[in-house]
2 protein chains.
Amino acid sequence: MKKMNNKKNNRPAEIIACLVRASKVLLISHVAPDGDTLGSALGLAAALRQRGVEVRLACADPVPAELRFLPGSEGFAARGRSDEDLIVVLDTGDLKRIGSLYSPESFAAVPVINIDHHVTNVFFGDLNWVEPRAATAELVLDLLLEWGIPLDKEIATPLLTGIITDTRGFRTSSTTAESLRAAITLMEAGASLAEISEAVFNRRSLATLRLWGMALAQAQFAEGVLWVEISREMLAQVDDPMASRGLANFLSTFAQARVAAVFRELDGVVEISLRSAPGVDVSEVALRFGGGGHPQAAGCTVEGELARVRSQVLEALFEVVRTAEEERG
Amino acid sequence: MKKMNNKKNNRPAEIIACLVRASKVLLISHVAPDGDTLGSALGLAAALRQRGVEVRLACADPVPAELRFLPGSEGFAARGRSDEDLIVVLDTGDLKRIGSLYSPESFAAVPVINIDHHVTNVFFGDLNWVEPRAATAELVLDLLLEWGIPLDKEIATPLLTGIITDTRGFRTSSTTAESLRAAITLMEAGASLAEISEAVFNRRSLATLRLWGMALAQAQFAEGVLWVEISREMLAQVDDPMASRGLANFLSTFAQARVAAVFRELDGVVEISLRSAPGVDVSEVALRFGGGGHPQAAGCTVEGELARVRSQVLEALFEVVRTAEEERG
């Protein structure tokens, strides 16, 4: 019988002992994958392969364009467990976040290791290592160092990508001296900070430029909330479905915005990305509308027509900003 | 008699010996000041004051809004030397870059120390320390460490600001493991990476948002050059003369742009900011039009009407991109 939600961390040594015994491992990244979930999996994959372990990579969603520079990223597929004798889930607080890849039977059959930095993690693994570090990739690095695996460029590049993307280039308040020390270790093992930064931050498409221009020109601001709408017409004009990626982060760089929101109109649903200043928790709003995330970065997808959804969500955001202001006094 | 252009670096120990003898020091930052020139001066000022030295801070231009969070930054004034017995010029390749603060007589009267990271530095000092590091603040830090000055928050915050701004948050190709090590040292001395990043990157005004929206919506792209125009009408609409700051950096994050250019129309002149991908040198174009800078970040101010200036400068930029492409094969 599996213990779920035991809320107890295992020691890295126990996780290493479990990895050492495995001969075929399935590494799983979360849906809507980011640099940390993919980088953590790729870094661990390279280390395991170095030791002769057979590794398969799984993610329910495709690898986004800006992360396809990562060698081995083409190996991710939307596959569940077949004959693997161990599952490692990376950067994932809850098994719901691996989407269609979860099945109770196949997960019950083999040990599941859960390595994650989300404070909301529900300790779903047989072995769990959950620590609130800036990136899950930092935990993977610590694991490999404790294991004594010699680092090389193949291991270091995806792990540094995880740190760079989750800290938005060392800019988030979660970034510590430890994060920078990890980055130095990975650079000295062959990862190029400049090449990774260039790939993840500086490859926006011209379609993105046009879409952001249209969106920013119509941006609205009220009660501490800065928001933009991406209508189907706007998306159709620029012909790049990913052009709105990063827009919520960008909006959060404007000083007056306590909350930044992007409303993106798709067929019958509105996709909402939320960012907030420290002290304002947008994850509770996302949760209320069926989504989730971190206090400062969350999202949800709401059925309905753009104008109605927008006004409902804005009302909730205004309320969250007011409450935060009252608490600040 | 002073030796100019001797092109020889002094050892940090010689610079320290000179600083130790001084009782009143004038620290000078370059015109159009950035975080590195101001942060280097403020960090050195705090260290000298800790040792009981009287310090005055000088810059021909005002401190930009996003750097006024730096404690002591209100101390900068457009002043030349009065009774100081030593001048230190920071982050400045050439005395022309200190603008109106230079006078041959007052500079001949006392020793001049030149601490800088620009490869184009002309060694104008009596003592020179020029090294191609990511930021001049890294050199100041090394100097203080060699001197044995105990670091505190007052010294560390401006120096870390210098590193963060000149590396655009550790994103430039000039960023090394050494830069990250310096950042860790400064964080451990009390500087907050998150607070500085928030101040320098995340305090854009809503006027900036509107102006960028207008500019991006009209952005143009040809022959590898991405450019926008900021007309006087646009600037008048948003009522914030600094709203175009950072736009050239932002444009350079678009993948197809080998060169990014912002043309800003002022009274009778056009201010041009240029950024380029590694391998394309825009400093030579800036130089040809009476400006200067680094290969990947340069600028110039050209007299004349916007349309004519733009077409002349674009012609030169197209040529530079073509040449770079030919050299790449």
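Because the model is predicted, local features need pLDDT of at least 70 and side-chain atom pairs count only at pLDDT 80 or more, while totals for chains, interfaces and linings use all residues. Residues are numbered from 1 along each chain as its sequence is written, and chains are lettered from A and ligands numbered from 1 in the order in which they are written.

Chain B has an open sheet of six strands with parallel pairing, in the order E3-E2-E1-E4-E5-E6. Strands (E, at least two residues) and helices (H or I, at least four residues) are DSSP runs numbered from the N terminus, and two strands pair if DSSP finds at least two bridges between them. Strand E3 (76–77) and strand E6 (127–130) of chain B are at the edges; each has a single partner strand, so one side of each lacks a neighbour in the sheet. Within the sheet, strand E4 (residues 86–90) and strand E5 (residues 112–116) of chain B run parallel and are joined by four bridges. Val112(B) in E5(B) is the bridge partner of Ile87(B).

Helix H1 (residues 12–21) of chain B lies across E4, E5 and E6 of chain B, at about 135° to E6(B). Angles run from 0 to 180 degrees between N-to-C directions, and axes are lines fitted to C-alpha atoms, for helices over the stretch in contact. Residues are in contact if their C-beta atoms, placed from the backbone, lie within 7 Å. Helix H2 (residues 35–50) of chain B packs on the sheet and touches strand E1 (24–29), strand E2 (54–58) and E4 of chain B.

Helices also pack on one another. In chain B, helix H4 (residues 136–147) and helix H5 (residues 153–166) have axes 7 Å apart and an angle of about 145°. Leu141(B) and Leu144(B) are among the H4(B) residues that meet H5(B), where the partners include Ile155(B) and Leu159(B).

A second open sheet of chain B has six strands in the order E7-E8-E9-E10-E12-E11, with mixed pairing. Its edges are strand E7 (220–222) and strand E11 (292–294) of chain B, each with a single partner strand, so one side of each is without a neighbour in the sheet. From one strand to the next, the twist averages 20°. Strand E9 (residues 259–265) and strand E10 (residues 269–276) of chain B pair in the antiparallel sense over seven bridges, and Val262(B) stands opposite Ser273(B) in E10(B). Helix H12 (residues 306–328) of chain B lies across strand E8 (225–230), E9, E10 and strand E12 (297–303) of chain B, at about 165° to E8(B).

The last topic is the pair of chains.

The contact takes 35 residues from chain B and 35 residues from chain A. Helix H6 (177–188), helix H7 (193–201) and helix H8 (206–217) of chain B each supply at least two residues of the side of chain B that touches chain A. In chain B, 100% of the interface residues are also interface residues in chain A, so the copies meet through the same surface.

How values were computed
Contact = placed C-beta atoms within 7 Å.
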